[in-house]
Amino acid sequence: MRNARVLAVMDDAGTEIPDGGLFCCDGIIEQVGPTADLPTVADQVIELADHVVIPGLVNTHHHLCQNLTRAVPMAQDASLFGWLQTLYPIWQRMGPDHLRISALVGMAELALSGCTTSSDHLYLFPNGSRLDDQIQSAVDLGFRFTATRGSMSIGESKGGLPPDSLTEDEDAILEDCIRVVDTFHDPGPQAMVQVAIAPCSPFTVSQDLMRQSAVLAREKGVRLHTHLAENVEDIDYSLERFGMRPGEYIEDVGWVGEDVWHAHCVQLDAEENALFARTGTGIAHCPCSNMRLASGIAPVRAWLDRGVKVGLGVDGSASNDDANLLTEARQAMLLQRVKGHAAELTAREALRIATRGGAAVLGREDDIGSLEVGKNADFAAYDLNTPAMAGTDWDPLAALIFCRPAQATWTVIGGRPIVRDGLIASVDFDAVLTEHRRLVRMLMDG
């Protein structure tokens, strides 16, 4: 790749290279710098004149299957708990094909925004569905994927939120966690598939399952993920059910540490923020979903100043209802500023959260998140010759955040183009969209 207008390395020094490029071999970056300093011969050369190049964006929280239920009328104006209770009956009609096709569509949508790595929080396994269905889609697309084996075990009859029909036996949950970790998790630095263990939330699983999941994950050397302190209902439930705030709860069940990341965390207090900083626990910040569900404004500036690990998440495509990481970065910046300080979060800080921050949250700061020698050749390129980017020569990199979020012209993962000239290159995407539409109509027809 060569001749980029500017290449943002996203290293510790914040290096930005005019007329930049990189050279990779077997998916690993061997050289990065001005185009004139790079080798002139390669098996494939990507010409990126008038493009901005950044490390591939990293998505730390998603629910891919929800792109089958976007803009459902009865859920459009509900807060979290009411929104969930409206959608549970629809989701329980899904099956393996729904998970597979929605994953292909969702990952492709992410890739078109410049995302090269995503996690997904799958906690619904109706009608024979398995985590395997999503993983196969990631392999087919060539997308770098952290699959999480989620779960729900406490239904309405036991004081939980979901219908009993969507819950599972806890012993069966743990057995399947072992199966998917042993089958799919790759701990290596070029891993395309990793697995984490991810009970859905404190209001859908028992404290015992949370504790056992933490023990199992550490035995297996994988990460832990869940929802936490998303809105005030979440706090009220924790106080009523457990007699403690979310921070006390996660300490009690062993869910703090470098190997843990929580989604949302909007309603954490100052003491809980300090807990996250002290223990190295990560946060997936989901600004669009937080606004959509009226959950509040997360204290991102305070998290960063304390040294908390923060990445971005698009969250589910029924609560966003988008899956564009640049949109998320832009909203993260703007939402912090709406509190009254124009410099509360800068464009470059937002991009760093979307790249380096996400890599740290997923435990992959050594192999993704920046364009440095020895790391995976995961990058995205954006064309400056578009109406939305006209007039951005002043600062093309910051324009990725200040202007309308661009679609990636190229998205490359491990040296392999997934998006080429603005189109999905690795699968027949028209056929995928046709099948996705058929599955949506099935759900609508009930």
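Reader: So is strand S1 largely enclosed or left open?
Author: Largely enclosed by the rest of the structure, since four of the five residues of S1 are buried. Keep in mind that this is a predicted model.

Reader: Ok. How many bridges does S1 make with S2, and in which sense do they pair?
Author: There are four bridges between S1 (residues 4–8) and S2 (residues 16–25), and the pairing is antiparallel. Val6 has Pro18 as its bridge partner in S2, while Ala8 is partnered there by Glu16.

Reader: And what about S1 and S4, parallel or antiparallel?
Author: Parallel, with two bridges joining S1 to S4, which covers residues 51–55. Val6 turns up again here: Val52 is its bridge partner in S4.

Reader: Where do these strands sit in the sheet order?
Author: The order is S3-S2-S1-S4-S13-S14-S15-S16, an open sheet of eight strands with mixed pairing.

Reader: Which strands stand at the edges?
Author: S3 (28–34) and S16 (423–424). Each has a single partner strand, so one side of each is left without a neighbour in the sheet.

Reader: Switching to S6. How many of its residues are buried?
Author: Eight of its eight, so to speak a mostly covered strand, spanning residues 115–122.

Reader: What does S6 pair with, going by S5 and S7?
Author: S5 (residues 57–59) runs parallel to S6, and three bridges join them. Val58 has Thr117 as its bridge partner in S6. S7 (residues 144–151) is also parallel to S6, with six bridges between the two. There, Ser119 stands opposite Thr146 of S7.

Reader: Helices now. At what angle do H3 and H4 cross?
Author: Roughly 20°, and the axes of H3 (residues 131–141) and H4 (residues 170–184) come within 11 Å. Angles under 35 degrees count as roughly parallel, and H3 and H4 are therefore roughly parallel to each other.

Reader: Left-handed or right-handed crossing?
Author: Right-handed, as H3 passes H4.

Reader: Which residues make that contact?
Author: H3 brings Leu131, Asp132 and Ile135, and H4 brings Arg179, Val180 and Phe184. By class, the H3 contact with H4 has four nonpolar residues, two charged ones and no polar ones.

Definitions and conventions: Residues numbered from 1 in each chain as written. Predicted model: local features only at pLDDT ≥ 70, side-chain atom pairs only at ≥ 80, totals over all residues. Heavy atoms only, no water. Axes fitted to C-alpha atoms, helices over the stretch in contact; angles between N-to-C directions. Parallel < 35°, antiparallel > 145°, perpendicular 65-115°, else oblique. Left-handed = near helix turned anticlockwise from the far one by under 90°. Contact = heavy atoms within 4.5 Å. Nonpolar A, V, L, I, M, F, W, Y, C, P; charged D, E, K, R; others polar. Pairing = 2+ DSSP bridges. Buried < 20%, exposed > 50% of the residue type's maximum accessible area, 1.4 Å probe, protein only.
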